[in-house]
Amino acid sequence: MHSHDDDDHSHLTDIEARVRALESLLSEKGYIDSASVDKIVQTYETNIGPQNGAHVVAKAWTNPEFNTWLKNDATAAIHSLGYTSRQGEHMVAVFNSADTHHLVVCTLCSCYPWSVLGLPPTWYKSPPFRSRAVIEPRAVLADFGVEISESITIEVHDSTAEIRYLVIPERPENTNNLGETELAKLVTRDSMIGTAVLDKLSATS
Amino acid sequence: MKEVDLTHLPDMVLVDNEPVFNEPWEAQAFAMVIDLHQKGAFTWAEWASALSTEIQGSELRSYYQHWLCALESLVTVKQLTSTTALEARKTQWHEAAARTPHGEAIELQSD
């Protein structure tokens, strides 16, 4: 006879068993299918990420026509690059400038522009960020190591299930000789949420 | 907007380059919601509302735990399945794990 703490059989945590219960029941009834669930996981783990948003930003910096399109109809402009949201929400691009800095939050839950940034980082989903970003954005940005001068207005955008925001950061100085592909490599995820600004290049290589 | 008492909340953790999902179940729970929505089981607004309700509740849980609770709640509200069926199936999975040698795939009995 063996005791209960023998490790010769498998264990599922309660949460794992709940997830398996959902998956098996829903797929038996045809509400989901395992192949597409696996494909979604794979897509979000590998193909969808901030590189998509960086592409949008770099194109906006280098192509005035695209820039205008993005300002007027971000959903269509972003879709034209092949990044489509399956959740059907509208995209709005907000452009940082010398006098305005944009910051994106979702105070209700964690709405986030998945199609261009992938899944949100942990801090974006955390209660302190969600509540403080609206109340004291300057202090929140300071926590991220970003000092925004008092002369610059900070606009906070609260995402919803229907509208998601993408921040277009200012193009760093000393990048006039770079093309779209090189520029895209400079654009960080946080700069497109508004919790970072892009440093000017000290030496372009 | 609901007031949030910051003294009862953990500090923000500013981590970069973290994995998208910390555990496989998080990925499965995430993808099931996307698949159900794409197949028309609910609208995205209904999902956002279910998730907000969980997050705005008083329980301190991780983000994907909220996500899973919202999913269980929405599929029962939409009558895709029932709480009873979910509970019974969960028990079957625990039983299946208990009879599966360590390292082998856990399967429900097919009979």
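Guide: The model is predicted, so local features need pLDDT of at least 70 and side-chain atom pairs count only at pLDDT 80 or more, while totals for chains, interfaces and linings use all residues. Residues are numbered from 1 along each chain as its sequence is written, with chains lettered from A and ligands numbered from 1 in the order in which they are written.

Among the elements of chain B, the lowest mean pLDDT, 89, belongs to helix α2 (residues 44-56), and the highest, 95, to helix α4 (residues 83-98). Helices are DSSP runs (H or I, at least four residues) numbered from the N terminus. Over residues 1-16 of chain B, pLDDT stays under 50, and the model has 22 contacts beyond four places in sequence for this stretch; a contact requires C-beta atoms, placed from the backbone, within 7 Å. Where pLDDT is low, the predicted coordinates should not be read in detail.

Within chain B, α2(B) packs against helix α3 (residues 63-77) at an angle of about 125°, with the axes 8 Å apart. α2(B) is therefore oblique to α3(B) (under 35 degrees is roughly parallel, over 145 roughly antiparallel, 65 to 115 roughly perpendicular, the rest oblique). From α2(B), B:Glu46, B:Trp47, B:Ala50, B:Leu51, B:Glu54 and B:Ile55 meet residues of α3(B) including B:Trp67, B:Ala70 and B:Leu74. The residues of this α2(B)-α3(B) contact divide into eight nonpolar, two polar and two charged (Ala, Val, Leu, Ile, Met, Phe, Trp, Tyr, Cys and Pro are nonpolar, Asp, Glu, Lys and Arg charged, the others, Gly among them, polar).

Chain B also meets chain A: the contact takes 51 residues from chain B and 50 residues from chain A. On the side of chain A that touches chain B, α1(A) gives the most, with 12 residues. That side of chain A has 25 nonpolar, 13 polar and 12 charged residues.

One helix pair between the chains is α2(A) and helix α1 (residues 24-38) of chain B, whose axes come within 8 Å and cross at roughly 115°. α2(A) and α1(B) are therefore roughly perpendicular to each other. In this contact, A:Ser36, A:Val37, A:Ile40 and A:Val41 of α2(A) face residues of α1(B), among them B:Ala27, B:Met32 and B:Asp35. The residues of the contact of α2(A) with α1(B) divide into seven nonpolar, two polar and one charged. The model scores ipTM 0.83 and pTM 0.74.

Terms used: Contact = placed C-beta atoms within 7 Å. Helix = DSSP H or I, 4+ residues; strand = E, 2+ residues; numbered from the N terminus. pLDDT = per-residue confidence, 0-100. Axes fitted to C-alpha atoms, helices over the stretch in contact; angles between N-to-C directions.
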